[in-house]
Amino acid sequence: MILHPAIIALLVSSILITALVLFAFWYGVKILRFWDLRSGSSLQLDLERRTYLISTVLAYVFGFQLVSLFLLIYTADSLSTLFTGAMCAAGTFNANDYGYPLLVLKLINFLLAGLWLTINHADNRAYDYPLIRKKYAFLLLLAPFIVLETFLQARYFLGLTPDVITSCCGSLFSANSSGVGADLAALPAVPTQYVFTGIMATTTALGIAVAVTGRGGYAFFLAAGAAFIMGIASLISFISPAIYELPTHHCPFCVLQKEYGYIGYLFYSTLLGGAVTGMGVGILKPFRSIPSMAVIIPSMQRRLAVYSVLFYASACLLTLVAVLRSNLRW
Amino acid sequence: MIELRDIRKVFNAGKPHALTAVDGVSLSLDARAVTVFQGPSGSGKTTLLALVGCMTRPTEGRILLGDREITSLPERFLTDVRRTTFGFIFQQFNLVRGISVLENVMLPAYPLGEHHTALKKRARVLLDLFGILPRESSKSEWLSGGEAQRTAICRALINDPQIIIADEPTAHLDTKLSREFMDIVGRLKTEQKTVIIASHDTLVYGSPVVDRVITIRDGKIEAEGR
């Protein structure tokens, strides 16, 4: 293990997050088994008091969970100087077998935690806990992912040794290599640009439709998810080469470095923000029929749709600026 | 109007020094009536009053305000109910020192965001009604017992609550002021307010304006009168 302040912070925080999520998990099981709002039993009243505390704790825990993704990437990037062959976070994540699975899981948990926070926010705005069982059932689903993330993170950091020779991003995200990164790098730039534009335009149109009419929540959920995946694919396929002005350099991590004005953080923030808020519109849709949610959810959906459109519009604007300012032409 | 169903309140529940302050109380309190909880010190009447006024939550049981069940409400909704439905008069009056009588009266209305000029006008009307308008600029610590009491009543009424809750309101008042207080209670009753008082003062529960006296002992209802 490398003793680095950020590694210690990430390990300690993930252990704390896991402990708090497991604590909430225990109460989630009790709520799913015993919750009965018609009862005035001491157990029910105790659960009502506890859920207020637990949802507040979890809101902070998952809030940190969102931030910790960026801390992990930043840490991996700053550690790259310690490994032979690594030029950026891409090489650091490749330093052992746990790096990339950890990163993928961290991304999944970011989206899931964001959706849990959306449901929790909706539930807290109503007076009669209408989504309590749903949000704790979702927590029971999410908890194993959080535990697995802590396990992978511990294995990854504990297994890091400075004398490891790793691959650089140039070989990991090269059209001539194999793997998902290489496949994305090999996507033809111009058709990918058309698909990216098409998906972003569709997502924006659907988002505006949700914001104006309140309809099309599920379609927008799918579009927002597709826009996120397409955004990542486009970053590797043509946005990164435009920023580096090098047609063979597709690394999605070098854009996080100072040399490129840390622009990668803006890209990832807007894409992740657009995905969470956009998918949040769809995840709330089935609860519109609950009487106490009838007013709350449509207004939340409209607001989330606007946020999602703004996030994705910002990602498109960044892409446009990167492509237009670049001397690289396809 | 207010219904209590099998209410229990245990302080320090599950600990060796647990104390059951209210033990299985069920009752209905009528609207637009004056009800007094009467009983010795430590009988649980103040706790019962706090439960009715949403200042504390029961350990067990439910409380209904009209058709609405209020014990399960999340805190921010309960705060809203407390602020708009109840007006509180405390034993020590609990006026804020260092600020004027007028500001003390206006204080509970600030979170509702009413325009300051309109609020000030309303507060002055109340002070005038209770004969303390000339003292509106005085600091609360300069008031006599009777003036402090009337200021506390004005403060309880500033949000025009349906229900007034008073905990031992005459504990620090002489006989004349206590009678004056009960006259004010009578006036509130004619204005269709519901008044709930906890007191062991005979001047209170013996007053003709009181519609119902509920005797509490050891956290249970011992007797009911009138």
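Which residue just after α1(B) takes a positive phi of about 60 degrees? The residue is C54(B); the points below set out its surroundings and the rest of the model.

1. Basis. This is a predicted model, in which local features need pLDDT of at least 70 and side-chain atom pairs count only at pLDDT 80 or more, while totals for chains, interfaces and linings use all residues. Residues are numbered from 1 along each chain as its sequence is written, with chains lettered from A and ligands numbered from 1 in the order in which they are written.

2. Helix α1 of chain B. This helix covers residues 45-52 and is mostly covered, with seven of its eight residues buried (buried: 20 or more other C-beta atoms, placed from the backbone, within 10 Å of the residue's own). The buried residues are K45(B), T46(B), T47(B), L48(B), L49(B), L51(B) and V52(B).

3. Chain B as a whole. Chain B has seven helices and ten strands (DSSP runs numbered from the N terminus: H or I of at least four residues for helices, E of at least two for strands). Its radius of gyration is 17 Å, close to the 17 Å that the globule rule gives for 226 residues, so chain B is as compact as a globular protein of that length (the radius is taken over C-alpha atoms, and the rule is 2.2 Å times the number of residues to the power 0.38). Along the principal axes, the C-alpha atoms fill a box of roughly 50 × 40 × 35 Å. Of the 226 residues, 43% count as buried.

4. Contacts within chain B. Among contacts with a separation of 6 or more, 69% are between residues 24 or more positions apart (contact: C-beta atoms, placed from the backbone, within 7 Å).

5. Chain A against chain B. Nine residues of chain A are in contact with 14 residues of chain B. Helix α2 of chain A (residues 42-79) gives the most to chain A's side, with four residues. That side divides into four nonpolar, four polar and one charged (nonpolar: Ala, Val, Leu, Ile, Met, Phe, Trp, Tyr, Cys and Pro; charged: Asp, Glu, Lys and Arg; polar: the others, Gly among them).

6. A helix pair in chain A. Helices α9 (residues 217-244) and α11 (residues 296-325) of chain A pack at about 15 degrees, with their axes 11 Å apart (axes are lines fitted to C-alpha atoms over the stretch in contact, and angles run from 0 to 180 degrees between N-to-C directions). That makes α9(A) roughly parallel to α11(A) (angles under 35 degrees). The contact includes F220(A) and I239(A) of α9(A) and Y312(A) and V323(A) of α11(A). Its residues divide into eleven nonpolar, five polar and no charged.

Key
Parallel < 35°, antiparallel > 145°, perpendicular 65-115°, else oblique. Contact = placed C-beta atoms within 7 Å. Buried ≥ 20, exposed ≤ 12 C-beta atoms within 10 Å, placed from the backbone.
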